[in-house]
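Here is a short report for a first look at one structure. Please keep the sequence and the 3D view at hand while reading.

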Amino acid sequence: MSRKKNFNAGPAALPLPALERARDELLDFANSGMSVMEHSHRGKEYEAVHDEALALLRELLAVPATHEILFVQGGASQLFAQLPMNLVQKGQTADYVVTGAWGEKALSEAKVATAMLGGAVRVACTTGTGEGKEKSYVRVPRPDEVKADPAAAYVHVTSNETIHGVEYAVDPSRPFPSPGGAPLVADMSSDFLWRPFDVSRFGLVYAGAQKNIGPSGVVVVIVSKELVERGRKDIPKIFQLRTPAENKSLYNTPPTFGIYMIRNVLAWLKGLGGLSAMEARNRKKAARLYGAIDANPGFYRCPVEKESRSVMNVVFRLPSEQDEERFVAEAKKLGMVGLKGHRSVGGIRVSTYNAVEPEWVDALVDFMGAFAKRG
Ligand code: PMP
């Protein structure tokens with residue numbers, strides 16, 4: 001079997017050792033005579049895996065005791081609604097900084113949820129210009145452009161826009177905008193766990209698992225205890241963040257196999273040297289790709305401004321859509337898959353999550369050079 005060089009945006013490549021471990025343990029988990037999927041979520045075998053996954057997350061990200069780590073279902077899309085349902089009180093407003101398609105979706109769901117519950121949302125800043133695909137959402141805002149209300153329930157940012165390839169603080173000297181008093185909330189679905197970050201600066205972060213954490217079906221939420229306590233109690237219990245927080249994310253049946261895979265991925269990540277080692281590896285991969293784009297300015301062009309270029313999702317265009325189709329088809333013949341840009345924006349998108357091997361990127365960069373030369 002030859003495994004593909006998988007550049008999909010999510011579900012995405014998983015580390016081979018994490019998959020091999022699952023294969024080896026599949027039929028007989030921990031000498032129990034059954035798979036982990038067949039165990040009760042209240043049994044000691046599964047509970048050990050669940051606890052290990054939570055402990056690894058706390059260790060790898062140095063999550064302070066002020067913050068809870070939760071496993072939630074429903075995808076990051078559910079959080080778009082669940083977040084305002086919990087945190088926006090009657091008469092209160094939540095602020096949104098919109099830098100791409102996922103921020104738009106988060107805002108739109110929050111609008112509905114807050115209208116239902118007596119609150120509201122406000123756009124604190126948008127980099128959408130309405131000028132078409134290559135001119136809209138090409139950068140993160142400068143801090144002075146964000147007009148956040150200090151009394152807002154929270155200020156929501158999308159730390160990495162998976163479709164537009166726009167990310168905050170690619171250069172470590174460029175921090176997230178300061179929310180100026182209100183808790184900062186981030187959708188980190190596509191740039192969680194690729195580098196260390198200071199969890200204590202955030203009231204809440206959430207990330208769908210299917211990029212850097214494991215298979216789809218689990219959302220990791222890291223939230224301050226203070227925000228959990230402040231959360232509304234007049235919404236169904238299953239949507240209250242205090243429910244997983246008070247029950248170690250075992251209030252009802254969790255996606256046990258997904259969490260088991262998360263454990264495998266995190267153990268692999270720790271074995272490679274943790275998040276600082278992963279950051280160095282990821283920055284090299286992204287630098288190689290942007291280098292290949294910038295080396296052929298007449299052929300490849302990245303619509304994203306340099307300081308906002310994503311390390312996780314590298315997007316670029318070719319001279320024509322036909323060239324792009326040819327690029328994707330020829331790369332596929334070489335075992336490279338998942339390169340087609342999102343249908344809403346077109347172009348090419350290379351996702352370079354943690355499990356994407358540097359050698360795959362090297363192969364792609366070689367291919368890009370040869371393809372541009374042929375024209
Ligand atoms: N936010 C971002 C930044 C994403 O990339 C995605 C999925 N690609 C989502 C939210 C939605 O995630 P899900 O499909 O898990 O609901």
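Helices and strands here are DSSP runs, numbered from the N terminus; a helix has at least four residues and a strand at least two. Leu-193 sits in the loop that joins strand 8 (184–187) and strand 9 (204–208). The model is predicted. Leu-193 has a phi near 70 degrees, a positive value in a residue other than glycine. Its relative accessible area is 0%, so Leu-193 is buried.

Ser-249 also has a positive phi, near 60 degrees. Its place is the loop between helix 6 (242–246) and helix 7 (256–271). Ser-249 is buried too, at 6% relative accessible area. The peptide bond from Gly-10 to Pro-11 is cis, with omega near -5 degrees. Pro-11 belongs to the loop between strand 1 (5–6) and helix 1 (16–25). Most residues other than glycine have a negative phi, and most peptide bonds are trans.

## Helix 3

Helix 3 covers residues 75–87, which makes 13 residues. From first C-alpha to last, helix 3 reaches 18 Å, close to the 18 Å expected at 1.5 Å a residue. Where does helix 3 bend? The bend is at Ala-81, by about 30 degrees. A proline, Pro-84, follows within four residues.

Helix 3 is mostly covered, with 10 of its 13 residues buried. Among them are Leu-79, Phe-80, Ala-81 and Pro-84.

## Salt bridges

Side chains of opposite charge can pair when their charged atoms come close. How many salt bridges does a search of the whole structure find? The search finds 25.

Arg-142 takes part in two of the pairings described here. With Asp-144, the N to O distance is 3.2 Å. With Glu-145, the N to O distance is 3.9 Å. Arg-142 is partly exposed, at 45% relative accessibility. Asp-144 is partly exposed as well, at 49%.

Arg-326 and Glu-330 form a salt bridge at 3.9 Å, N to O. The two are four residues apart in helix 9 (residues 321–333), so about one helical turn separates them. Arg-326 is partly exposed, with a relative accessible area of 31%. Glu-330 is partly exposed at 22%, because buried means under 20%. Elsewhere, a network of salt bridges links Arg-21, Glu-25, Glu-52 and Arg-263.

Notes:
Residues are numbered from 1 along each chain as its sequence is written. This is a predicted model: local features need pLDDT of at least 70, side-chain atom pairs count only at pLDDT 80 or more; totals for chains, interfaces and linings use all residues. Side-chain values use heavy atoms; hydrogens and water are left out. A salt bridge is a side-chain nitrogen of Lys or Arg within 4 Å of a carboxyl oxygen of Asp or Glu. Buried means under 20% relative accessible area, exposed over 50%, partly exposed in between (1.4 Å probe, protein chains only). The expected span of a helix is 1.5 Å times one less than its number of residues. The bend at a residue is the angle between axes fitted to the seven residues ending there and the seven starting there.
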